[in-house]
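Subject: Structure handover

Hello,

Here is the structure you will be working with. Please open it beside this email and follow along.

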Amino acid sequence: MNQEKPVEGLEESQETTPTRRRRTIGGTTQSEDTGTTSHAEEPTARNRTRTLSGNVKAPSPSTEDRPKRKRARSIGSRTGDSESKQKPTSPAPTDNKPKVGDTRSPASNRAHDSNNEEKSSPKPARKRRRRGGKGRGGGTQQDDRQRSGKPVEAILDDGPVSLDSEQLERRRGRERKGRPVGRYQMLVHVHDGVTHVAVLEGRSLIEHYVSRPSDDVSEIHGNIYLGKVQNVLPGMEAAFVDISTPKNAVLYRGDVTYDRDDLDGDKTQPPAPKPKKPRSRLGRRQDDARIEDLLSAQQSILCQVTKNPIAHKGARLSTEVSLPGRFVVLVPNSDTYGISKRLNDKERRRLRNILDKVKPSAHGVIVRTAAQDVTAEEIERDVRRLLDQWQQINELASSAKAPSLLFREPELVVRVIREEFNRDYRGVIIDDPTLFQQVKGYMETVTPALADRIEFHDPKTETLPLFERYHVAEQLRKAVDQKVWLPSGGSLVIDHTEALTVIDVNTGKNVGKSNLEETVFRNNLEAAEEIAKQLRLRDIGGIIVIDFIDMEIKKNRDEVVSSFEKALARDKTRTQVSGISELGLVEMTRRRTGEGLLESLSSACEHCDGRGVELHQSVLKV
């Protein structure tokens, strides 16, 4: 009804209204009246109107559309300034297309009264939000992790496995007078939320681990993250990745796995042959892909922590994920196939036949030493358990927002028992009831033959604490001393620096009996055994330089190095030893996976900042 009156007025004044000629650029030329051409224009043509004569001017469509174009510019629409390029869908010149800043979708019935609403009350311009900051998300990384879901936990209770009496008896281990017999023993003590795990060989302390409550900051070895690449450094062949820790983690080129088909360039050339020995990150071949070709900033990647953050250094990452179980290690999206070399040939052949049947086609599997004498059903259950974990991790990674934690390793006690505990251990004694029930249930699930070796030490009924009863507290205090005494009277002095650890061997009170060369040789043999023990107990890693006492006979020097290497062979951590140099020094490296025993039990002095000296301020004021 509102549109009929203007049409009638135009028909009455048709004779007095001057004729307007319209020239269409890019279309066909038309000559129409003013009142009948306001809504019948083709959107593909540009229109120009010239008035030849007369004083009466009808309102043009461009003047009616100006308020809309102005409003479109004010709300930041990129398409609002091109109104003439949009097709009208109704007689009323409206635009139902949503624009940037609209809070609700346009209704279908707004096309009839849009002109009246715009003329009566035009909407004020909305302020554009700035990218980043509060306007973008307004949340923290913790909120993002909460929205993405909780991380996947290791499956510890999967129901006990059924074994016959013969298998249980064969795998139970040695016993004497009804009590288990073994070379090692594990003690677990919980105090003020801190868990101590001590491993004894006989009565001597050989390993000690300290675990504080999980904070997802310092104890993150083995965790899997959906990280975000912050920057790529081609000169260092490394990239820094944000995994929601205080310091960004580092990912070296040698720890990045990739598919050659995913790279740009000539893919017709055959891939480079695999090296026979592992190479360092500095020994990269010329035909290897560079890290800037594999990673880019703000890219999300699935990665796993291979080394805990130490001091001012961030964690170390790898894109080759591995999920360790009790008997096997699952390597997703890999063709890895291996069996522990510590097993004999007959057992390796038996396990190889089992592995051929249970190995997934798309994933790799490594059989561990703990799989000795286990049945095919147990290995199959372990593989299926790890496959379920990997499926949960994949599902969480598809919906999570980087950076976020996808998989968290279990507590330290469960990890140590999973890696170390076997029938060579005469028992595990725990003084915390909750932890005892958790470990007991885990052993009944994976190794029911050894579940009876998990014992509970009740502090309320026992007269002495656990560590004092087995003389662990006394040995632990000696393990953090700088000086270590040898049985014959010699001594070791262990000094830690930023770059390396230095161990000095002294004769001390050892004066010998026959001659100087024999005295020095015997003292160095004792020192070699004790140094290997101290490196394992204190968990010293990195570069280590040992200053043995000078020996003139080459045979004695070689025998000392050989004895040192045999003592290090009992350590599961990878080591590499070089011979005695011209200066009488032995250089070696030991893999470092976290902070050592001294760092876990101490903190830097606030007065000297860990230097061990205090400056005289009165003397410095000169």
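Which residue in strand 26 is the bridge partner of G542? It is R590. Strand 26 (residues 585-590) pairs with strand 24 (residues 542-547) in the antiparallel sense, over 6 bridges.

Some ground rules come next. This is a predicted model, where local features need pLDDT of at least 70 and side-chain atom pairs count only at pLDDT 80 or more, while totals for chains, interfaces and linings use all residues. Residues are numbered from 1 along each chain as its sequence is written, and side-chain values use heavy atoms, with hydrogens and water left out.

**The whole chain**

The chain has 16 helices and 26 strands. Helices (H or I, at least four residues) and strands (E, at least two) are DSSP runs, numbered from the N terminus. Of the 622 residues, 38% are buried. Buried means under 20% relative accessible area, exposed means over 50%, and partly exposed lies in between (1.4 Å probe, protein chains only). Now take contacts (heavy atoms within 4.5 Å). Among those between residues at least 6 apart in sequence, 66% join residues at least 24 apart.

Two strands pair if DSSP finds at least two bridges between them.

Another open sheet has 5 strands in the order 8-7-6-19-20, and its pairing is mixed. Strand 8 and strand 20 (454-456) are the edge strands, each pairing on one side only.

Strand 7 and strand 8 pair in the antiparallel sense over 7 bridges. They form a hairpin with 2 residues between them. In the turn, G202 has a positive phi of about 75°. H196 stands opposite V210 in strand 8.

Strand 6 and strand 19 (residues 425-430) run parallel, joined by 4 bridges. In strand 19, I429 is the bridge partner of L187.

H189 is found in strand 6 (residues 184-191). Its side chain makes a polar contact with the side chain of D431, at 2.5 Å. A polar contact is a pair of N or O atoms within 3.5 Å; within protein, one must be able to donate a hydrogen and the other to accept it, and residues adjacent in sequence count only if both atoms are side-chain atoms.

**Helix 12**

Helix 12 lies across strand 6, strand 7 and strand 8, at about 80° to strand 8. Which residues of helix 12 (residues 472-479) are buried? They are V472, A473, L476 and A479. They cover an arc of only 120° around the axis, which puts them on the same side of helix 12. The arc is that of the directions from the helix axis to the C-beta atoms. The face turned away from the buried side carries the exposed residues R477 and K478.

**The cores**

A nonpolar core is a set of buried Ala, Val, Leu, Ile, Met, Phe, Trp, Tyr and Cys residues joined through side-chain atoms within 4.5 Å. The largest has 30 residues. L323, V328, I379, I393 and L406 touch the most other members. Helix 8 (376-399) is one of the elements that supply at least two residues of this core. Helix 8 gives the most, with 7 residues. I379 is in contact with V328, L351, I354, V358 and V374, leaving aside its neighbours within four places in sequence. A second, separate core of 26 residues includes L492, L525, A527 and I546.

Best wishes

Terms used:
Axes fitted to C-alpha atoms, helices over the stretch in contact; angles between N-to-C directions.
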